[in-house]
Amino acid sequence: MALDGTGWHPSAWREPDARPDALFTAAYWADLVTEAERGLLDLVTIDDTLGLPSDARVDQVRGRLDAVLVAARIAPLTRRIGIIPTQVVTHTEPFHASKAIATLDYVSTGRAGLQVRVSTRPDEAALFGRRTIPPIRLDEPTTPALAELFDEAADYVEVVRRLWDSWEDDAEIRDAATGRFVDRDKLHYVDFTGPFFSVRGPSITPRPPQGQPLVAALAHRDVAYRLIGRSADLGFVTPRNTSDIARMLIEIRGEQEAASRADQPVHVLGDLVVFLDDDAAAATDRLARLDERLGRPYRSDAAVFAGTPADLADLVLEWHAAGLSGVRLRPGALPHDLRQITRGLVPELQRRGAYRTAYEAGTLRGLFGLPRPANRYALRS
Amino acid sequence: MPRKQIHLAAHFPGVNNTTVWSDPAAGSHIEFSSFVHFARTAERAKFDFLFLAEGLRLREQNGLIYDLDVVGRPDTFAVLAALAAVTDRVGLTGTINSTFNEPYEVARQFATLDHLSAGRAGWNVVTSWDAFTGENFRRGGFLPQDKRYLRAREFLAATRVLFDSWTGDEVVADPASGRFLTDPDAGRFAVRSDQFDIAGRFAVPRSPQGRPVILQAGDSEEGREFAAADADAIFTRHSTLEAGRAFYADVKGRLARYGRAPDDLKILPATTFALGDTDADAHAKAYAVRRHQVSGQTAIKFAEQLWNRDLSDRDPDGPLPVEDPIPGENTISKGRASVRMYRDPMATANEWRALAEAKNLSLRDVVIEVTGRQSFIGTPAAVADAMDKFVQTDASDGFVLVPHITPGGLDEFAEKVVPLLQERGSFRTEYEGTTLREHLGVHP
């Protein structure tokens with residue numbers, strides 16, 4: 001499930017059960033994630049951007065908290081659900097991100113992930129003042145400037161991953177006989193050098209409980225499929241129709257192959273904005289009411305679904321049959337559509353024998369059936 | 001007249017030789033449960049705040065990763081945010097570097113932490129410049145040493161602009177009228193200075209404290225002036241009454257120049273302690289701890305830092321080196337703050353030699369003497385008495401306690417000394433406010 005603000009519809013904050021005044025409190029996020037965990041969901045993602053939207057609207061939610069900190073704040077309040085905050089990679093330091101996600105993995109005892117996002121906005125670059133980014137039109141074919149931003153993101157993930165492995169699991173020895181706390185032979189310089197940055201290492205944070213927390217990315221186009229294929233464990237894609245799925249998977253699998261990662265599991269989830277009610281007319285009416293406040297039909301990068309949990313279950317199973325590992329649902333309005341997922345969709349899928357009835361693992365990797373990976377540096381030595 | 005109130009902070013045991021990892025009671029330095037234990041002890045004892053230090057590269061000596069002390073720490077922001085979930089009142093402060101971060105991101109993180117902790121965030125602003133640490137960052141080791149304080153000052157000023165870019169009444173979130181914001185331009189800012197050229201809109205609405213509490217460490221002339229201008233609390237290392245009073249008078253005297261009252265800046269020396277049932281017992285324990293903190297190997301490493309020479313062939317139970325320290329940049333050890341203590345290595349070496357001569361001490365004994373002595377040693381009653389006197393006679397406004405055991409090193413102090421300070425009427429028995437600014441009595 002993907003969390004953002006009061007839900008993905010820009011008018012959702014005006015719904016009677018919305019809590020727009022609580023948006024900047026910990027309790028707001030804690031309640032949502034606790035509800036998601038009650039529904040046995042695999043994970044929540046917490047969306048983020050560095051800056052505000054570049055408009056001057058006063059009739060929509062404006063302002064947001066840092067997603068990594070929100071994730072850390074709710075981690076101790078939950079026990080099983082995976083927590084994946086978004087980190088903008090274009091302006092931040094891979095060294096800081098690596099230890100922050102490692103720490104999220106410690107405070108959640110193995111449930112952390114990282115969704116990387118490329119920022120193409122010149123106004124976000126101006127917030128940092130370290131580089132300028134030329135205007136990039138995302139509806140046009142990929143330019144070298146855009147490709148470069150995604151290459152940089154791949155380097156960023158590479159550094160983050162190397163730093164997670166820069167401590168072997170048994171580096172801390174506490175050997176009173178020799179007076180040594182660590183075995184320095186089990187701490188590794190990562191020595192990454194690339195066109196965008198160089199990072200020496202090792203991390204200051206020991207290897208996190210999962211070894212490698214899951215890396216995720218959302219993709220709509222070639223360069224982003226490539227990033228998933230090269231760098232990610234989890235890809236989020238936005239099929240309009242079931243027939244789009246095969247093409248997207250071919251692109252991602254091709255990029256995996258090109259990056260010599262064909263043997264590594266990359267789970268692909270379909271994004272879907274959902275408006276759910278017990279009868280379909282209620283859902284479409286609600287969406288129409290929200291659209292009326294917006295003054296236009298709501299459009300998203302992902303497909304929009306309005307209907308019953310049972311109808312959604314049909315679609316989820318159809319997408320699953322088409323090759324996706326599952327879906328990442330974006331609730332149109334919170335908390336309503338979240339509760340419809342946890343109390344409507346999940347029981348429906350359980351009745352059909354297509355969803356867990358209890359958490360089967362204690363880590364996020366475990367929920368995806370992924371083993372704890374060997375350390376790349378330990379293999380070498 | 002009401003009694004002057006003591007402010008107490010708890011320093012999570014550091015990545016240095018003060019922390020004794022070989023003690024059977026020593027637990028994990030990285031598991032979240034250790035941080036929870038430590039934070040809850042501090043909160044149970046009504047401490048003002050807990051404190052995390054920073055180190056952005058593993059220390060090295062003789063070209064190798066330093067392996068004698070505790071190594072490894074979590075990300076400061078992430079662990080403080082997580083601690084906000086398991087505590088209600090204690091302040092959550094962390095050290096964040098102004099060299100290897102950008103103002104927009106740090107302001108966003110502290111404003112978020114302040115929201116998520118309902119007003120308990122504090123920031124110890126430090127500045128470094130070394131290329132050694134820079135090798136872990138995009139920026140690299142770019143900053144000339146003489147620009148350290150300039151960047152720190154401008155960094156802090158930039159974050160202040162960002163924190164103040166929301167006044168606090170913009171978010172109305174009124175579903176009936178459909179107005180979420182009162183101001184379409186909320187968060188608008190622009191900063192142009194020697195170090196920064198940034199502009200746009202800050203994403204985080206004003207947090208409960210408005211700005212995090214600002215802490216500053218350092219005793220230098222520049223550090224004192226920086227604190228007098230901008231900080232809410234200052235860390236010092238002055239452990240004697242005389243030195244403490246002199247520093248206190250000096251720094252408090254600088255505040256008027258910035259339109260601030262003496263109470264607007266709290267002076268908090270870093271403080272170690274050893275408790276016992278009797279005075280003799282406490283001194284015996286203190287000595288034993290110091291021997292653990294400064295092993296023979298550790299003593300040699302300390303001497304190498306001062307002499308800037310490889311002394312691995314020396315006997316720690318033998319004399320100090322007869323040769324003189326190598327002057328200039330310290331090349332033997334990297335990434336540790338204590339190196340900078342030795343501003344004049346020759347003079348310091350002569351002090352060490354005089355001490356060795358006068359008391360007939362070995363190399364290791366000298367290092368124990370000059371680095372390890374606890375600030376307060378005695379029975380709980382004697383320690384409470386001495387600490388209270390320290391504050392009541394204006395040698396400080398309180399203390400940042402540095403225990404030597406993770407995570408239980410604060411427990412005994414909390415159980416035995418805090419109640420005595422409370423009995424005297426020198427320390428709160430309940431939190432009166434909810435924010436860190438309220439605990440410290442400092443206003444934005």
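Lys and Arg count here as positive and Asp and Glu as negative, while His and the chain ends are not counted, and the place of a charge is taken as NZ of Lys, CZ of Arg, CG of Asp or CD of Glu. This is a predicted model, in which local features need pLDDT of at least 70 and side-chain atom pairs count only at pLDDT 80 or more, whereas totals for chains, interfaces and linings use all residues. Residues are numbered from 1 along each chain as its sequence is written, chains are lettered from A and ligands numbered from 1 in the order in which they are written, and side-chain values use heavy atoms, with hydrogens and water left out.

**Figure 1. Chain B as a whole.** By these charge rules, chain B carries 51 positive and 62 negative side chains, and the centres of the two sets lie 2 Å apart. The chain has 15 helices and 17 strands, where helices (H or I, at least four residues) and strands (E, at least two) are DSSP runs numbered from the N terminus. Its radius of gyration is 23 Å, close to the 22 Å that the globule rule gives for 444 residues, so chain B is as compact as a globular protein of that length; the radius is taken over C-alpha atoms, and the rule is 2.2 Å times the number of residues to the power 0.38. Along the principal axes, the C-alpha atoms of chain B fill a box of roughly 80 × 50 × 45 Å. Of the 444 residues in chain B, 61% are buried, a word that means under 20% relative accessible area, with exposed meaning over 50% and partly exposed in between (1.4 Å probe, protein chains only).

**Figure 2. Chain A as a whole.** In chain A there are 12 helices and 13 strands. The radius of gyration of chain A is 21 Å, close to the 21 Å given by the globule rule for 381 residues, so this chain is as compact as a globular protein of that length. Its C-alpha atoms fill a box of roughly 70 × 50 × 40 Å, taken along the principal axes, and buried residues make up 61% of the 381 residues. Chain A has 47 positive and 54 negative side chains, the centres of the two sets lying 3 Å apart.

**Figure 3. The contact between chain A and chain B.** The contact, which means heavy atoms within 4.5 Å, takes 76 residues from chain A and 74 residues from chain B. Between them the two chains bury about 6,300 Å², 61% of it on carbon and sulfur atoms; buried area is the accessible area (1.4 Å probe) that two parts lose on being put together, summed over both. On the side of chain A, the residues that lose the most area to chain B are A:Leu69, A:Arg184 and A:Ile204, together 11% of what that side buries.

**Figure 4. Helix H2 of chain A.** Helix H2 (residues 67–74) of chain A has 8 of its 8 residues buried, so it is largely enclosed by the rest of the structure. Among these buried residues are A:Leu69, A:Arg73 and A:Ile74. Within chain A, the buried residues of the helix pack against helix H1 (26–38), strand E2 (43–46), strand E3 (82–88) and helix H3 (94–107), and from chain B they meet helix H2 (76–84) and helix H3 (103–116).

**Figure 5. Two loop residues of chain A.** A:Thr92 has its place in the loop between E3 and H3 of chain A and is buried, with a relative accessible area of 2%. Not counting residues up to four places away in sequence, A:Thr92 touches A:Gln87 and A:Tyr156 as well as B:Glu105 and B:Arg138. A:Ser166 lies in the loop between helix H5 (144–164) and strand E5 (172–175) and, at 0% relative accessibility, counts as buried. Leaving aside neighbours within four places in sequence, the contacts of A:Ser166 include A:Lys186, A:His188 and A:Tyr377.

Figure 6. B:Gly296 is found in helix H9 (residues 296–307) of chain B and is buried, with a relative accessible area of 16%. Although B:Gly296 and B:Leu363 are 67 residues apart in sequence, their C-alpha atoms are 8.7 Å apart in space. B:Leu320 is found in the loop between H9 and strand E15 (333–334) and counts as buried at 9% relative accessibility. Beyond residues up to four places away in sequence, B:Leu320 touches several residues, including B:Trp307, B:Trp352 and B:Leu363.
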